[in-house]
Amino acid sequence: MNCRLLPSSIEMMEDSLSPAAITSNLGTRFIGQRVIYYPSLMSTMDVARREAQQQASEGMVVIADEQTAGRGRGKRVWLSPKGSIALSIVLYPDAVSLPFLIMLASLAVVHSIEAVTGVKSQIKWPNDILVNGKKVSGILIESRVRRDRVDYAIIGIGVNVNLRVGDFPEIAPMATSLSDELGKGVSRLSLIRRLLIEIEKLYLTLPAGRPIYEEWRDNLETLGKKVQVRSGKITHVGIAESVALDGSLQLRHSDGSLTQIVGGDVTLRD
Ligand code: BTN
């Protein structure tokens, strides 16, 4: 017996992610107007990067029903079984807009989850999306910048939608899914379409990134807490005091000194 069989309420939500279903009457100008769909793929990031290197149209989306070698931040593995969302979007932002992509993608996920399911989520710095303290979505930004010019940027978004995280012991302690939270399945199609609309809405406000920064900062659950931040081989401990406009975290140490951290993994400390 396959012990990963999904309950029928979740199976019923296994809607088609065909490009036509995603793009039909989407109402965006360019995000999601072209979609490439794969039933199974190693990583949507690789295909999106290849497309970007060949000047694919801006807003092109690569989506997979499942990834067999999904990537997370810091070269970690990202589990993307069937029932989850795994997509990458090709963008050509200017250099000023680049730091805001992490923030806008996080906000787009928070907005979309709430709009489609009513579930409120929070952002753990820099861009983990949590529901009830557990990770429901992760975002990966990859870009190629030469001199001051951005050749391309790829936003990769993974969302645990219709899966029982208890079936995946490697993520179960720190992850959740929308179906686990709600006790019923969620339409991936509705969530994807809303996500694309939200991303375009926010992207079109750039390069004026301050409003995005302010909303992202106000949604960070990390600020004001005692945290441990692993950044490369260094571990910092302190109070997450604030975030700068470039997205970096300002950590206040017990001796009063301040460290500015550009990227890392946060865990809460008592
Ligand atoms: C993280 O939290 O570490 C980031 C996870 C990003 C996962 C998404 S799923 C779609 C895209 N393809 C990948 O291989 N990774 C990103």
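## A proline in a loop

P126 lies in the loop between β4 (122-124) and β5 (128-131), where helices (H or I, at least four residues) and strands (E, at least two) are DSSP runs, numbered from the N terminus. The peptide bond that joins W125 and P126 is cis, with an omega of about 0 degrees. A cis peptide bond also joins L206 and P207, with omega at about 10 degrees, and P207 is found in the loop between α6 (188-203) and α7 (210-218).

## How the model is to be read

This is a predicted model, in which local features need pLDDT of at least 70 and side-chain atom pairs count only at pLDDT 80 or more, while totals for chains, interfaces and linings use all residues. Residues are numbered from 1 along each chain as its sequence is written, and side-chain values use heavy atoms, with hydrogens and water left out.

## The protein as a whole

The protein has 7 helices and 12 strands. Its radius of gyration is 18 Å, close to the 18 Å that the globule rule gives for 270 residues, so the protein is as compact as a globular protein of that length; the radius is taken over C-alpha atoms, and the rule is 2.2 Å times the number of residues to the power 0.38. Along its principal axes the C-alpha trace spans about 55 × 45 × 30 Å.

Of the 270 residues, 51% count as buried, a term that means under 20% relative accessible area, whereas exposed means over 50% and partly exposed lies in between (1.4 Å probe, protein chains only). Contact means heavy atoms within 4.5 Å, and among contacts between residues at least 6 apart in sequence, 65% join residues at least 24 apart. The protein has 32 positive and 29 negative side chains, and the centres of the two sets lie 3 Å apart; here Lys and Arg count as positive and Asp and Glu as negative, while His and the chain ends are not counted. The place of a charge is taken as NZ of Lys, CZ of Arg, CG of Asp or CD of Glu.

Which residues does Q67 touch, leaving aside its neighbours within four places in sequence? They are L41, M42, S43, T44, W78, S80 and A86. Q67 itself lies in strand β2 (residues 61-67) and counts as buried, at 11% relative accessibility. A polar contact of 2.7 Å joins the side chains of Q67 and S80, and a polar atom of the Q67 side chain lies 2.8 Å from the backbone nitrogen of T44. A polar contact is a pair of N or O atoms within 3.5 Å; within protein, one must be able to donate a hydrogen and the other to accept it, and residues adjacent in sequence count only if both atoms are side-chain atoms.

N162 lies in the loop between β7 (149-159) and α5 (178-182) and is buried, with a relative accessible area of 0%. The side chain of N162 reaches the backbone oxygen of V186 at 2.8 Å.

## Two residues with positive phi

N25, in the loop between α2 (19-23) and β1 (35-41), has a phi near 50 degrees, which is a positive value in a residue other than glycine. N25 counts as exposed, at 74% relative accessibility.

R147, which is found in the loop between β6 (134-146) and β7, has a positive phi of about 50 degrees although it is not a glycine. At 80% relative accessibility, R147 counts as exposed.
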